Amino acid sequence: MSHDAQVYVRSQTEFDYIKQKRKKDMRNQVTTFGIMIFLTLISFTAVAAGFSVYLIVPVILLLAAIQVVLQLYYFMHMSEKNHQVVAFFLYSAVLLAFTFILTFLTIIWWG
Amino acid sequence: MSSIAKKKGFGATLWDYLTTVDHKKIAVMYLAAGGLFFVIGGIEAMLIRIQLAQPDNDFVSAGLFNEIITMHGTTMIFLAAMPILFGFMNAVMPLQIGARDVAFPFLNSLGFWLFLFGGIFLNLSWFMGGAPDAGWTSYASLSLASPGHGIDFYALGLQIAGAGTYIGGINFLVTIINMRAPGMTYMRMPLFTWTTFVASALILFAFPPLTIGLFFLILDRMFGGNFFDHTMGGNTIIWEHLFWIFGHPEVYILILPAFGIFSEIFALFSRKRLFGYSSMVFATVLIGFLGFMVWAHHMFTVGLGPTANAIFAVATMAIAVPTGMKIFNWLLTIWGGSIKVTTPMLYALGFIPSFVAGGVTGIMQAAAPLDYQLHDSYFIVAHFHYVIVGGVVLAILAAVHLYWPLMFNQMLSEKLGKWTFWFFFIGFHLTFFIQHFLGLMGMPRRVFTFGADQGWDLFNLISSIGAAFMAVGVIILVVNIIITVVKNVPAGNDPWEDGRTLEWAIPQPVPFYNFKQTPLVRGLDTFWIEKQEGNKEGMTYAEPLSDIHMPNNSIIPIVMTFGLFIAAFGALYNGEKDWAIPVIVLGLAITLGSMAVRSIKDDHGFHIHKEDLMNDKGGK
């Protein structure tokens, strides 16, 4: 950071563009929030309705996975530009963790 | 900082190093501390070979022998090889990408001190009732049964040192992602930077399992846990999995930077662009991924079942493909080059056959049925010494010669360097080649002695003689370093004359702010491009000269680490001494207190002003 850095003033067009973009982001976030509440309701209902465990467990796990993705993309801004490196590391970690859990389940505890 | 430079006294220099956040000084400390542990681990290796030089030897007792082999392995991996590589990463990587420092200079210092105090803690076990004795893998069924405090030192010491490594790894990742100079795209990064990047990513993913495993071990041994105790519903195999999920990527954390160093050397001394640059990058990333998918090949004989063994056997063999790509690329880099056989190049040329031999025996062990025969024999010992000594240690020795002028502005003697190489190289093959046959003849690893009637006498003696050769090589290197430091002849800029990457373009001695102006990178091997176009300065600049922002030095990292060091002693004697819990609390209070000080106190660093940069002293 040098002392002679320039102060940048936005033009009217840029201002309008950013305002419009933020409005869109806000709408997305509220929509996502709504979807997530709905998914949570489904989970609770499934348990309360007393369905078979073999139905409830996979359904809840699936809904949880969807919620994680929504959380990452809409609340933690992974849908925006220049997040490729973050996404790459995240998916690598997911892949590795999945392998480890699968192995532990199959060859330590079930096998 | 812009006052007139004057010669500092000893106290001031010491204080400077204790508080420094400069990546170049931290690199020197990593190199010095890692070098010290390398010598300690080497002495332990010599003791092993003296004990095994003749049958029915009683040079050391069986118990002490177990402690020596455990500490030899642990010291060499965690306290010698990795820190020395971290030293080179610190010294070279920021300069290669045109950065003024790493992304988090404070954390860099913290990482170093954590490693050093963890290493000291581990080695204090020698003087405080016996070292760990369950092998460097410390399998839970052995380590839970080990009397005394040896294993406690292992678990706590590695926990502290491991935290340092983890911090260092994250720091390098952020540095490479965020702090590359303009024009330095990912596909223009020198190979050493690429391998640092991938090795750091491996650290990011591999160290958490180790941390968990060590915490389980600490809880089991010191705080009444039962994670690995099958009589209490635990499972001893979990330690093996956690250890190897870390342990296998760990060997790639070691070998990938070694590959990077050799890639630099081959291009530099063949005076050619690295052959197949993009395939080298691809192979590095692929090895990084596959490194995580193969850990159970260390556990073929555990009884995982044929399906699991087959999957891990095939995955293991797949690693030979990207590694083979690299070998061919190096050969084709040398092919048709204008080769200069300097000491680093000699190491690089010696590395290829040695490492290929280690790789081939690795593929043999990847075949699970054959591994049932080879498991726990000297064949395994021979294999991993071929890849680690033939790969990592040769790279470290090569890098000491290659980067010495960059780090200290002095040239190590080429003549003595070549003597080191030949003694070490011949000694290395003499020691370990014959161990393959000892393994095939049935000699198990980790035995403290053998009988005269077993037919292993001669081969063991030859192996021990080889070890003495390696020791002579290392002693010559130490003499070489001492002579060079005493002579102190400045080496100047671009000492190898054919430098290709940015680190060689910097004036010597390297200013503490690295680059007066951030360079503009115009391609792979940017310094080479500038030299070819007749640019005397060796750099095109991306910005006008302006003020440089620098971080302040800080003593907090060492205090923070010292707190953990104290707390570790409390944990060690938990349940045995009355003062154990208060000491844990005191230690953690020091650590958390210094964290609080760091968080609350604003430290904005300082600026080197443009006017000071423009005068002769260059801001010093």
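1. Asn409(B) sits in the loop between helix 14 and helix 15 (414-440) of chain B. Helices here are DSSP runs of H or I with at least four residues, strands are runs of E with at least two, and both are numbered from the N terminus. Asn409(B) has a positive phi of about 55° although it is not a glycine. Most residues other than glycine have a negative phi, and most peptide bonds are trans. Asn409(B) counts as partly exposed because 17 other C-beta atoms lie within 10 Å. The cut-offs are these: a residue with 20 or more other C-beta atoms within 10 Å of its own is buried, one with 12 or fewer is exposed, and one in between is partly exposed, with C-beta atoms placed from the backbone.

2. The model is predicted; local features need pLDDT of at least 70, side-chain atom pairs count only at pLDDT 80 or more, and totals for chains, interfaces and linings use all residues. Residues are numbered from 1 along each chain as its sequence is written, while chains are lettered from A and ligands numbered from 1 in the order in which they are written.

3. On confidence, pLDDT is the predictor's confidence in each residue, from 0 to 100. Chain B has a mean pLDDT of 92, and 98% of its residues reach 70 or more. Within chain B, helix 2 (residues 23-51) has the highest confidence, at a mean of 96, and helix 20 (residues 610-614) the lowest, at 81. The model scores ipTM 0.80 and pTM 0.92.

4. The loop between helix 16 (457-487) and strand 1 (519-520) of chain B holds Pro509(B). The peptide bond from Gln508(B) to Pro509(B) is cis, with omega near -10°. Asp494(B) lies in the loop between helix 16 and strand 1 of chain B, and has a positive phi of about 50° although it is not a glycine. Asp494(B) counts as buried because it has 20 C-beta neighbours inside 10 Å.

5. Pro94(B) belongs to helix 3 (residues 62-96) of chain B. Pro94(B) is buried, since 27 other C-beta atoms lie within 10 Å. Leaving aside neighbours within four places in sequence, its contacts include His23(B), Thr175(B) and Asn514(B); two residues are in contact if their C-beta atoms, placed from the backbone, lie within 7 Å. Pro94(B) and Ala181(B) are 87 residues apart in sequence and 9.8 Å apart in space, C-alpha to C-alpha.

6. A nonpolar core is a set of buried Ala, Val, Leu, Ile, Met, Phe, Trp, Tyr and Cys residues joined through C-beta atoms within 7 Å. The largest one has 187 residues, and among the members that touch the most others are Ala81(B), Phe262(B) and Ile396(B). Helix 14 (residues 378-408) of chain B gives the most to this core, with 24 residues. Leaving aside neighbours within four places in sequence, Ala81(B) is in contact with Met76(B), Leu254(B), Val392(B) and Ile396(B).

7. Turning to chain A, the UniProt record (an unreviewed entry) places the feature "transmembrane region" at residues 30-49, 55-76 and 88-110. Residues 30-49 of chain A are 95% helix and 0% strand, with end C-alpha atoms 28 Å apart. Residues 88-110 of chain A are 100% helix and 0% strand, with end C-alpha atoms 31 Å apart.

8. How many residues of chain A are in contact with chain B? There are 13 of them, in contact with 15 residues of chain B.

Definitions and conventions: UniProt positions are given in the numbering used here, feature names are shortened, and annotations may be inferred rather than shown by experiment.
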